[in-house]
Amino acid sequence: MRNLNQENITEAVIRSFDGAPNARLKDILSNLVSHLHAFAREVQLTEEEWTQGIEFLTRCGHITDEKRQEFILLSDVLGLSMLTVAMNNEKSAGCTESTVFGPFHVSDAPHYELGADISNGARGTSCLVRGVIRGLDGKPVPEAEIDVWQSDEDGLYDVQYADLDHAQARGILKSDVEGRYSFRSVLPVPYAIPNDGPVGQMLDQAGRHPWRPAHLHFMITAPGYQTLITHVFREDSDYIDSDAVFGVRQSLICQWGLQNDGSYLLEYDFVLQSVASDGLATPVSQCETTT
Ligand code: BEZ
Ligand code: FE
């Protein structure tokens with residue numbers, strides 16, 4: 001371990017994990033060091049750049065608290081969150097694809113009856129959302145728990161309003177015996193991810209925008225099925241081809257139909273992957289176009 005140099009330091013650090021009792025941890029740390037050193041060599045990292053990187057991560061730490069998680073945001077904008085979701089949620093053909101979770105879910109959203117207005121005072125154009133939850137065999141999934149959350153017409157989630165003391169534009173519903181769900185809410189619009197911190201500065205310096213295309217978030221759970229965490233995106237939304245967090249999937253894009261009374265209708269069916277199943281292939285859209 002004396003007189004280590006550019007050539008042999010990587011091997012020495014990797015060997016330092018030889019005695020790690022947890023084989024998985026050993027593998028992860030060894031590979032992390034291997035790739036980190038390769039990265040530093042490849043870009044010929046200067047000491048000044050190393051310091052800037054440390055200061056950036058320090059700023060991420062300082063802005064992070066129980067409400068703001070800058071490291072997840074960093075993972076999101078670097079595509080690491082979506083890569084991890086994609087690697088861990090491969091589905092059989094026909095199942096609804098997963099996408100990123102995001103920071104705006106809350107665990108104690110209000111429960112609603114089917115058909116209820118979950119906006120609960122959130123501002124926006126009225127929108128009816130309905131569809132069916134099915135298994136891959138086509139059978140309806142009754143009693144599925146559907147947790148939905150979204151931003152209002154200003155692109156803000158309820159938790160982003162400091163003085164709001166109740167849930168808006170979020171709620172939990174249960175599918176009926178035929179797997180059907182429905183609720184009324186407001187039309188989602190594109191919004192910027194939190195960009196007043198170091199990740200926002202990084203995007204700025206990289207010449208990238210912080211916007212996400214309009215979407216609804218869904219988390220659907222049912223006994224015997226894998227939990228589905230996903231979005232449904234508006235087809236005509238700005239940023240649909242440049243999502244700041246790389247979460248868009250073709251099969252999750254749908255047209256929200258403008259109705260005669262000025263409100264919108266989204267019809268979207270979800271197909272859940274059963275806990276036991278495998279046999280993976282290309283997903284298909286579950287979008288029904290209504291105008
Ligand atoms: C969201 O869709 O809520 C979201 C996802 C990733 C980062 C920020 C927001
Ligand atoms: Fe969102």
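Modeller: Here is a quick tour of the ligand site, then the domains. This is a predicted model: local features need pLDDT of at least 70, side-chain atom pairs count only at pLDDT 80 or more, and totals for chains, interfaces and linings use all residues. Residues are numbered from 1 along each chain as its sequence is written, chains are lettered from A and ligands numbered from 1 in the order written, and side-chain values use heavy atoms, without hydrogens and water.

Colleague: Which residues come nearest to ligand 1?

Modeller: Pro103, Tyr191, Arg212, His215 and His217, out of 13 around ligand 1. Near means a heavy atom within 4 Å.

Colleague: What classes are in that shell?

Modeller: Seven nonpolar, four polar and two charged residues. Tyr and Pro count as nonpolar, Arg as charged and Gly as polar.

Colleague: Which elements supply at least two shell residues each?

Modeller: Helix H4 (70–77) and strand E7 (215–221). Those are DSSP runs, at least four residues for helices and at least two for strands.

Colleague: How far is a ligand 1 oxygen from the N or O atoms in the Tyr191 side chain?

Modeller: 2.6 Å for Tyr191. For the His217 side chain, 2.9 Å.

Colleague: And the domains, where do they run?

Modeller: Domain 1 is 9–45 and domain 2 is 70–288, with bounds from an automatic or database assignment. Their C-alpha centres are 37 Å apart.

Conventions: A polar contact is a pair of N or O atoms within 3.5 Å; within protein, one must be able to donate a hydrogen and the other to accept it, and residues adjacent in sequence count only if both atoms are side-chain atoms.
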